[in-house]
Amino acid sequence: MLSLCICGTAITSQYLAEKYKVNTPMLQSFISYCLLFLIYTVMLAFQSGSDNLLYILKRKWWKYILLGVADVEANYLIVRAYQYTTLTSVQLLDCFGIPVLMALSWFILYSRYRVIHFISVAVCLLGVGTMVGADILAGREDNSGSDVLIGDILVLLGASLYAVSNVCEEYIVKKLSRQEFLGMVGLFGTAISGIQLLIVEYKDIASIHWDWKIALLFVAFALCMFCLYSFMPLVIKVTSATSVNLGILTADLYSLFFGLFLFGYKFSGLYILSFSVIMLGFVLYCSTPTRTAEPAESSLPPVTSIGIDNLGLKLEENLPEVHSEAL
């Protein structure tokens, strides 16, 4: 479902660029962040205690500014890279974010991987390579780009910032709350993208010849991004940021399948093969849970993992083993 949301953003962006000559990635992101702000930031404003918006801002405002910058610039750099480099380069180099994400998870979230996880990632990247080969054979690699080196650097930077954003998202969702992450991203994402919008895209926006079709495409893009941001924390909370990023590798394939009917792409059997390989790697990765190396803070079982009622039962069972001072 997350892949389909990403596919929706890709299709609407391509329609805007190819049919209506509208290239305003920051405006599209700004509208999406505004939706997050109107829903989740306002929701935080009415919370009480430590979940209140003002309380969070007083304690962690600078951290969320950095998160907002990473999230906004990741979206912007990847889209901007298409103007300089080729589709193949973007698809391949965008996968650089997965090993960066695993490394950050290792040091920040204390995730520990098994051999099967590294094999699974390699299988998924093999599937991406198959997809790129299908693109070349189908003749989709027509644009050589105006400055390939600049474009490739932008992709690598964007992928790395995506990894930073995803690791922060996993930490906040699992340690704090989904509403806090979405509310803060909505607040600072709106502010940062709005400022950048006025700096880099005001001429492009002024040249848009608005009609209901263009407006509808903007709305569709914003809704797809809103659903992506809203649902991704739910998936990350029960899995991990790495597994989610492996799963959404299928988004490019969904875009290709839709492109067969909407943009006249040529079909290749390698697309089906690449989809199958990526899904195989994703299933392999999810088949074995990762473990955490973070030391336990107490011998008491955590409330968040077993619930209040079960906590009482566990305490009774472990009562002879627990020191009186710890109780």
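**A walk through the helices of a predicted model**

Hi everyone, let's begin at the start of helix α8, where a side-chain oxygen of S177 comes to within 3.1 Å of the backbone nitrogen of E180. Helices here are DSSP runs (H or I, at least four residues), numbered from the N terminus.

A word on the ground rules. This is a predicted model, where local features need pLDDT of at least 70, side-chain atom pairs count only at pLDDT 80 or more, and totals for chains, interfaces and linings use all residues. Residues are numbered from 1 along each chain as its sequence is written, and side-chain values use heavy atoms, leaving out hydrogens and water.

Staying with α8: its 23 residues should span 33 Å at 1.5 Å a residue, and the end C-alpha atoms are 31 Å apart, which agrees. That expected span is 1.5 Å times one less than the number of residues.

Now the annotation. An unreviewed UniProt entry marks "transmembrane region" at several stretches, including 212-232 and 269-286; such annotations may be inferred rather than shown by experiment. In the model, residues 212-232 are 100% helix, with end C-alpha atoms 30 Å apart. Residues 269-286 are also 100% helix, and there the ends are 26 Å apart.

What holds the middle of the picture? The largest nonpolar core has 43 residues, and L36, Y64, M184, V185, F218, Y229 and M232 touch the most other members. Which helix gives the largest share of this core? That is α10, with ten residues. By nonpolar core I mean buried Ala, Val, Leu, Ile, Met, Phe, Trp, Tyr and Cys residues joined through side-chain atoms within 4.5 Å. Buried is under 20% relative accessible area, exposed over 50%, and partly exposed in between (1.4 Å probe, protein chains only).

Zooming in on M184, and not counting residues up to four places away in sequence, its contacts include L44, L53 and Y64. Contact means heavy atoms within 4.5 Å. A second, separate core of 16 residues includes C95, I98, M102 and L249.

Over on helix α7 we find L161, partly exposed with a relative accessible area of 26%. Leaving aside neighbours within four places, L161 is in contact with A70, E73, A74 and L77.

Last, the aromatics: five pairs in total. Rings of Phe, Tyr and Trp (its six-membered ring) pair if their centres lie within 6.5 Å; planes under 30 degrees apart are stacked, over 60 edge-to-face, the rest tilted. For Y40 and F226 the centres are 5.9 Å apart and the planes at 25°, so this pair is stacked. Both residues, Y40 and F226, are buried.

How values were computed
Helix = DSSP H or I, 4+ residues; strand = E, 2+ residues; numbered from the N terminus. Polar contact = N/O pair within 3.5 Å; in protein donor to acceptor, adjacent residues only side chain to side chain.
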